[in-house]
Amino acid sequence: MPAGLGAPLPDFEALSRNAGQFVEAMGRNVGRLLQPDAQQGAPGGEMNEAAKVLQKVAEAWLSDPNKSAEAQAQLSQAFLTLWGSTYLRLQGQPAEPVAQPEPRDARFAHAEWSTNPYFDFLKQAYLLATRWAEGLVDEAEGLDAHTRHKAQFYLRQFTSMLSPSNFLPTNPELIRHTLQENGANLVRGLKMYEEDLEAGGGQLRVRQTDPSGFEVGKNVAVTPGEVVFRNDLIELIQYAPTTETVLRRPFLMVPPWINKFYILDLNPQKSFLKWMVDQGLTVFCISWVNPDSRHAEKDFESYMREGIEAAIDAIGAATGENAVTAAGYCVGGTLLAVTLAMQAATGNRRIKSATLLTTQVDFTHAGDLKVFADEEQIRQVEARMAEQGYLDGSRMANAFNMLRPNDLIWPYVVNNYIKGKAPTAFDLLYWNSDATRMPAANHSFYLRNCYLNNTLAQSRMVLGNVRLDLKKVQIPIFNLATREDHIAPALSVFEGSKAFGGKVDFVLAGSGHIAGVINPPSKPKYGYWTGGPVKGTLESWIAAAVETKGSWWPYWFQWIEAQAPERVPARKPGGDTLQSLGPAPGTYVRMRA
């Protein structure tokens with residue numbers, strides 16, 4: 001038994017045979033990756049952008065030889081200290097660690113990252129080098145804020161990729177696993193790698209879940225209802241009532257068109273839509289089309305008029321009510337806010353109260369997605385979209401995964417391709433992989449007016465020759481942020497609350513963009529904070545806020561009910577006017593990218 005491994009000797013014949021298959025497959029796939037991709041164009045756009053911006057950081061330090069030498073000396077001293085600590089451990093003596101992972105960093109959870117001096121050295125050396133590089137970016141002189149932000153983002157991608165936890169020779173857990181399986185894990189991993197490369201049309205699409213475990217309408221998106229309206233952009237679903245009476249004012253949910261609406265209806269236990277129906281709301285939900293080249297000219301105004309406004313018309317036909325309560329999630333909330341401003345400007349005020357879920361209207365503090373939204377990169381995206389009329393869904397999915405590479409990219413690379421383990425079936429990740437395309441006109445407007453120029457918050461956004469001003473929006477608004485949101489940061493949502501002219505009930509939920517919203521009362525994982533008017537800083541608001549354990553959903557429903565408490569007998573989908581076009585969840589949601 002080899003020293004320190006605590007396991008029987010491997011089958012060296014099987015190990016060498018599997019290693020040979022691994023090398024052969026690697027050669028085959030490297031050849032594929034180096035071939036030009038006729039559909040995607042020359043590879044390396046993001047890598048080129050990263051190299052360019054990090055070069056600016058290097059130039060900032062090299063322009064001052066003294067500061068550069070001082071920075072190098074700091075790193076050398078840190079490694080010298082680490083080597084001294086490691087030498088003591090190799091001699092059997094105790095030594096305090098020089099660098100420790102963050103408490104929530106799961107990459108180095110295996111015991112041998114700490115008990116084995118060799119792997120402990122690799123871990124600490126990686127942490128020292130990473131933090132030193134981060135310091136160089138933070139302290140580089142002469143960088144504008146956007147360039148520094150981009151450098152921080154791209155450096156995080158590189159350091160996440162280069163972690164010793166990602167490579168077989170430098171990860172004790174992977175070494176053990178490979179020896180125990182005589183390398184069979186590598187062969188399985190290469191097979192999955194080839195399958196994922198094929199599924200991505202030559203671009204690696206790392207699987208995060210077992211897609212065979214789910215089917216839309218079978219075990220996800222199963223709340224009963226009917227499609228009562230359809231046009232080029234939406235199917236409108238009305239859900240079947242489960243209570244004898246319902247609030248008179250009908251409710252419209254506007255989900256994002258980036259991914260699909262059934263994040264709100266994953267399963268009966270976690271379904272926000274079903275829970276709303278069970279409280280006595282007449283719930284309508286938009287299901288956006290998965291656009292293709294035919295939708296290239298559908299812009300933001302199209303999504304407002306053929307989306308929200310068309311849905312309100314259909315709701316009126318189905319219920320006889322002219323007024324609605326509406327909610328928007330993420331970019332669906334941004335579109336809802338734009339619609340509110342348009343209604344305020346034109347006097348067509350059919351939305352009487354609005355809920356915004358992790359929604360940005362002021363993009364000053366929009367987080368890491370702003371990295372992709374400078375003039376040069378937007379022009380590149382627009383040129384790419386002009387070729388086919390839309391942005392491929394995989395590109396948006398990759399951008400979101402890059403926000404949290406240590407959670408959403410590298411654990412799956414290691415698990416799938418080195419451990420050779422297929423990911424388990426998980427409804428949230430199945431939804432996450434069900435990507436949608438973005439129409440060229442709509443996506444260009446969104447990137448330029450929101451992320452680049454922030455026109456809505458500055459009362460400069462124009463739709464249909466109407467200048468929009470959120471200060472004219474006087475209806476009650478419930479605005480939910482989540483504390484750990486990487487897509488719509490809590491600070492961004494908080495500051496956006498100040499843009500409206502009426503009363504805003506700002507609520508802060510625990511967790512992030514998805515888990516903070518989908519937090520059912522039956523099994524709540526996180527609490528929420530309420531604190532009165534939105535003023536001052538987010539930090540001061542939180543310091544004065546009241547924390548409540550459990551789901552924010554009941555608190556929100558009390559707010560909804562207070563706006564219009566009158567009840568009427570429950571309504572059947574479509575009423576006496578609109579015929580069913582098919583059962584929920586409809587056909588648009590089944591369109592694959």
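Thr-358 is found in the loop that runs between strand β7 (351–357) and helix α12 (375–388), where helices (H or I, at least four residues) and strands (E, at least two) are DSSP runs numbered from the N terminus. The phi angle of Thr-358 is near 40°, a positive value in a residue other than glycine. With a relative accessibility of 1%, Thr-358 counts as buried; buried here means under 20% relative accessible area, exposed means over 50%, and partly exposed lies in between, with a 1.4 Å probe and protein chains only. The model is a predicted one, in which local features need pLDDT of at least 70 and side-chain atom pairs count only at pLDDT 80 or more, whereas totals for chains, interfaces and linings use all residues. Residues are numbered from 1 along each chain as its sequence is written, and side-chain values use heavy atoms, with hydrogens and water left out.

A positive phi, near 55°, is also taken by Cys-330, again a residue other than glycine. Cys-330 lies in the loop between β6 (324–329) and α11 (331–346), and its relative accessibility of 14% places Cys-330 among buried residues. Among the buried residues of α17 are His-443, Phe-445, Tyr-446, Leu-447, Cys-450 and Tyr-451. A further backbone feature is the cis peptide bond from Ala-584 to Pro-585, with omega near 10°; Pro-585 is found in the segment after β16 (567–569).

Helix α8 (residues 184–199) and helix α15 (residues 410–418) pack at an angle of about 115°, their axes being 6 Å apart. These axes are lines fitted to C-alpha atoms, for helices over the stretch in contact, and the angles run from 0 to 180 degrees between N-to-C directions. On the α8 side, Asn-185, Leu-186, Gly-189, Leu-190, Met-192, Tyr-193 and Asp-196 meet Asn-416, Tyr-417 and Ile-418 of α15, contact meaning heavy atoms within 4.5 Å. The residues of this contact divide into six nonpolar, three polar and one charged, where Ala, Val, Leu, Ile, Met, Phe, Trp, Tyr, Cys and Pro count as nonpolar, Asp, Glu, Lys and Arg as charged, and the others, Gly among them, as polar.

A search of the whole structure finds 38 salt bridges, each defined as a side-chain nitrogen of Lys or Arg within 4 Å of a carboxyl oxygen of Asp or Glu. Glu-141 forms one with Lys-67, the closest N and O atoms being 3.1 Å apart. This pair links distant parts of the chain, since Glu-141 lies in the loop between α5 (117–139) and α6 (145–161) and Lys-67 in helix α3, 74 residues apart. Glu-141, at 55% relative accessibility, counts as exposed, while Lys-67 is partly exposed, with a relative accessible area of 26%. The side chains of Arg-89 and Asp-120 also meet in a salt bridge, at 2.8 Å from N to O. Arg-89 lies in helix α3 and Asp-120 in helix α5, so the pair ties together parts that are 31 residues apart in sequence. Of these two partners, Arg-89 is partly exposed, with a relative accessible area of 23%, whereas Asp-120, at 7% relative accessibility, counts as buried. Salt bridges that share partners join Glu-49, Lys-52, Lys-150, Asp-374 and Glu-376 into one network.

Helix α3 (residues 65–90) also holds Tyr-87, which is partly exposed at 43% relative accessibility. Together with Trp-83, Leu-88 and Leu-90, Tyr-87 makes a nonpolar surface patch of about 410 Å².

Gly-501 is found in the loop between α18 (490–497) and β13 (504–509), and at 32% relative accessibility Gly-501 counts as partly exposed. Leaving aside neighbours within four places in sequence, Gly-501 is in contact with Leu-470, Lys-471, Val-473 and Gln-474. The C-alpha atoms of Gly-501 and Gly-367, 134 residues apart along the chain, are separated by 25 Å.

Methods: Patch = residues over 30% accessible without salt bridge, like charges linked within 9 Å, V, L, I, M, F, W, Y side chains within 5 Å. Areas by Shrake-Rupley, 256 points an atom, 1.4 Å probe, with all protein chains shown as cover.
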